[in-house]
Each structure stands twice: as structure tokens, then as C-alpha cells.
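Thanks for coming. Please have the sequence and the structure open while I talk.

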Amino acid sequence: MGWKGRGAAVLPRGQGLLKEYALLLVGSLLIAVSFNVFLSPNQVASGGVTGISIIVQTLFGFEPAYTQWALNIPLFIAGTLLLGRQFGVKTAVGSVVLPLMVLLSRGLPSLTHNLLLASIYGGILIGMGLGLVFRGRGSTGGLDLAAQLIHRYTGISLGLCVAMLDGLVILSAGIVLSPEKAMYALIGLFVTSKTITVVQIGLNYSKVAFIVSSASDKIREAILHELDRGLTELEAKGGYTGKSRTVLMVVVGQTEVTRLKALVRKLDPEAFVILSDTNEVLGEGFKLMGSGAGP
């Protein structure tokens with residue numbers, strides 16, 4: 001038993017693994033329910049192996065869970081043989097458990113036949129499920145494994161490989177199902193990606209500010225004592241003048257942005273300030289390093 005950060009307990013390895021597998025199972029259940037309640041009844045094939053199973057069911061009448069097993073298990077075996085054992089037990093479990101839950105929940109009634117609502121609700125639930133799986137450091141296998149294989153042997157970036165494979169699934173949906181349903185599949189995929197980000201990171205966005213000023217000493221003191229925020233001084237050199245300058249870097253919450261800008265404006269109206277979003281900040285004054293279950 002140990003401690004990481006201030007007041008954040010680190011779970012023993014056994015409890016940590018139990019929590020990770022629980023997240024994997026709950027996440028897989030959410031994905032399966034979303035598939036059977038929203039996506040499959042409305043033929044919204046929003047990428048991945050689940051999208052392929054909807055297309056195959058439309059063409060040949062095969063049970064989606066069987067198609068998912070038929071793709072997931074060989075992909076996992078190929079990935080293990082060609083890329084090594086980096087996928088781990090949880091990927092193998094996810095590859096088997098998700099289709100099983102799709103099979104067990106197939107009798108659930110559809111909650112809507114409105115394609116837009118099905119795409120949005122389905123995208124949210126699948127995003128929540130995948131977010132939980134990722135927080136448990138797991139994977140549901142599928143086309144992510146295929147993307148890693150393509151990345152390994154072609155050198156194409158992993159993100160592009162994933163996008164290409166999902167794009168092919170949605171393009172196939174446009175041909176087999178209808179262009180309209182392909183567009184709704186894109187909407188579902190977009191909602192899923194945004195929901196995954198919310199589940200993994202949360203809604204507490206912060207801002208990082210870079211401040212270049214001739215009054216950097218005064219601004220530094222004001223940030224430390226009036227704003228009560230820590231900061232970092234970066235040594236830089238002007239590209240045009242060649243003169244050495246100090247750049248102040250400070251991270252603030254959304255509610256503190258206005259105070260920071262007013263403070264800098266009061267001390268140096270000519271200061272150069274860059275503000276940008278930052279999705280996650282770990283450390284004192286923000287999220288403790290030990291909090292959360294995500295990677």
C-alpha cells in the first residue's frame with residue numbers, strides 16, 4: 001500500500017486489476033446495449049467491427065455477435081503472432097466478451113427509430129463504454145488491432161490507419177445500406193469520439209497562458225500572490241530582435257482567465273499573451289496524480 005500525491009491512495013495490485021476488469025466488463029455491456037438498442041435496429045454502421053457486423057447481417061442475415069467473433073479472434077491471434085504479446089490478456093478478454101454481451105442482449109427492444117436520435121444516443125453510449133474500457137487500460141480488439149498491423153508494415157500513422165478503416169466501413173454502409181445511413185454513421189462516430197474524451201478527461205478544461213512582457217517580474221509576483229497560482233519561467237530569444245526574454249507559463253482554471261488577463265493588462269498593456277486550452281492538468285492545485293483510473 002502506498003500513496004501518490006496528497007491524499008490519493010494507490011490501490012494494491014490485486015484491487016487495481018479487479019477494478020480494471022470491472023471497467024472492461026461494464027464498458028463492454030454499455031457498448032453491447034447501445035448496439036442492440038440504437039445502432040443495429042436502425043442500421044447505423046458507425047465504423048469498427050460492430051459496423052461491419054451490421055453490414056454483414058444486412059447482406060447475409062448472420063448474427064452480428066458471430067461476425068464480431070469471426071473478426072476479433074483472428075485479428076487478436078494475428079496481432080499476437082506478428083507484433084508480439086503487447087496486447088495482453090485484457091485485449092483477449094475484450095475481444096471475446098463484447099460479442100458475448102452483444103449476443104446476450106440481442107432481445108432488448110429498440111428505443112427509437114429516428115435515425116438522428118439513434119446515431120446520437122448510440123454514439124454517446126458507445127463512447128461511454130469505450131471510455132470506461134480505456135480507463136481500465138483495456139481494449140475491445142477489432143479494427144484497432146488491424147490498424148496496428150497496417151501501421152507496423154506500411155509506416156502509415158496509427159491515427160490515419162484507424163480513420164481509413166472506419167472510413168471504409170462507413171463507405172461500405174453507404175453502398176450497401178444507403179448514403180443517408182452512412183451520414184448518420186459519421187454523426188455517431190463523431191459523437192462517440194467526443195464522449196470518449198469526456199469520460200477519460202472530464203469537463204474541467206483549463207487554460208495555459210504564455211506571457212511575454214517587459215514587466216515579467218511584476219507580473220510574476222502578481223500571479224504568485226494575487227492570483228495564487230504557480231508558474232514557470234522559460235528563457236527565450238526574440239526571433240526579430242535576437243534579445244533574450246523571459247516567458248511566463250501559467251495554468252489557470254476557466255474561471256480565472258478573466259482575472260489573469262485583467263492583471264496582465266493592468267501591469268503591462270503591451271504584453272504579448274497566448275491562451276490555449278489544455279485538456280488535463282495533473283499536480284498540486286489541479287487533479288492529483290493518483291486520482292482516476294485511466295492510463
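**Aromatic pairs**

Y66 and W69 sit 3 residues apart in helix α3, residues 64-83, so about one helical turn separates them. This is a predicted model, so please keep that in mind throughout. As background, an α-helix has 3.6 residues a turn, so residues three or four places apart point the same way.

What kind of aromatic pair do Y66 and W69 form? The pair is stacked, with 6.2 Å from centre to centre and 20° between the planes. The angle is under 30 degrees, which is the cut-off for calling a pair stacked. Y66 is partly exposed, at a relative accessible area of 47%. W69 is buried, at 19%, because buried means under 20%.

The count of aromatic pairs comes to 3. Another of them is F38 with Y121: the ring centres are 5.7 Å apart and the planes meet at 45°, so this pair is tilted. F38 belongs to helix α1, residues 13-42, and Y121 to helix α5, residues 115-135, so the pair links distant parts of the chain, 83 residues apart. F38 is buried, with 7% relative accessibility, whereas Y121 is partly exposed, with 43%.

There is one more ring to look at. The charged end of R152 sits over the ring of Y153, at 5.8 Å from the ring centre.

**Salt bridges**

Next, charges. Side chains of opposite charge can pair when their charged atoms come close. How many salt bridges does a search of the whole structure find? It finds 8.

I will begin with E20, in helix α1. E20 forms a salt bridge with K90, and the closest N and O atoms are 2.6 Å apart. K90 lies in helix α4, so this pair ties together parts that are 70 residues apart in sequence. Are E20 and K90 buried or exposed? Both are buried, and for E20 the relative accessible area is 7%.

E20 also has a salt bridge with R137, where the closest N and O atoms are 3.0 Å apart. R137 is in the loop between α5 and α6, the latter being residues 143-154, and this pair again links distant parts of the chain, 117 residues apart. R137 is partly exposed, with a relative accessible area of 46%.

A further salt bridge joins the side chains of R106 and E63, at 3.2 Å from N to O. R106 is in the loop between α4 and α5, while E63 is in the loop between α2 and α3, so the pair ties together parts 43 residues apart in sequence. Each of the two is partly exposed: R106 has 48% relative accessibility, and E63 has a relative accessible area of 23%.

Some salt bridges share partners. Those join D217, R220, E221 and E233 into one network.

**The loop residue S105**

S105 is found in the loop between α4, residues 88-104, and α5. S105 counts as buried, with 9% relative accessibility. S105 and S34 are 71 residues apart in sequence, and their C-alpha atoms are 9.8 Å apart in space.

**A nonpolar patch**

Now to the surface. Which residues form the nonpolar patch there? They are L59, F60, F62, L168, L171, I175 and V176, and together they have about 750 Å² of accessible area.

Two helices, α2 at 48-60 and α7 at 158-176, each supply at least two residues of the patch. The largest share, 4 residues, comes from α7. I175 is in helix α7, and it is exposed, with a relative accessible area of 67%.

**Helix α8**

The last item is helix α8, residues 179-201.

The buried residues in α8 are K181, A182, Y184, A185, G188, V191, T192, T195 and I196. Just after α8 comes G202, which takes a positive phi of about 95°.

To recap one point, E20 has salt bridges with K90 and with R137. That is the end of my talk.

Terms used
Residues numbered from 1 in each chain as written. Predicted model: local features only at pLDDT ≥ 70, side-chain atom pairs only at ≥ 80, totals over all residues. Heavy atoms only, no water. Phe/Tyr/Trp six-rings, centres within 6.5 Å; stacked < 30°, edge-to-face > 60°. Buried < 20%, exposed > 50% of the residue type's maximum accessible area, 1.4 Å probe, protein only. Lys NZ or Arg CZ within 6 Å of the ring centre and 35° of its normal. Patch = residues over 30% accessible without salt bridge, like charges linked within 9 Å, V, L, I, M, F, W, Y side chains within 5 Å. Areas by Shrake-Rupley, 256 points an atom, 1.4 Å probe, with all protein chains shown as cover. Salt bridge = Lys/Arg side-chain N within 4 Å of Asp/Glu carboxyl O. Expected span 1.5 Å × (residues − 1).
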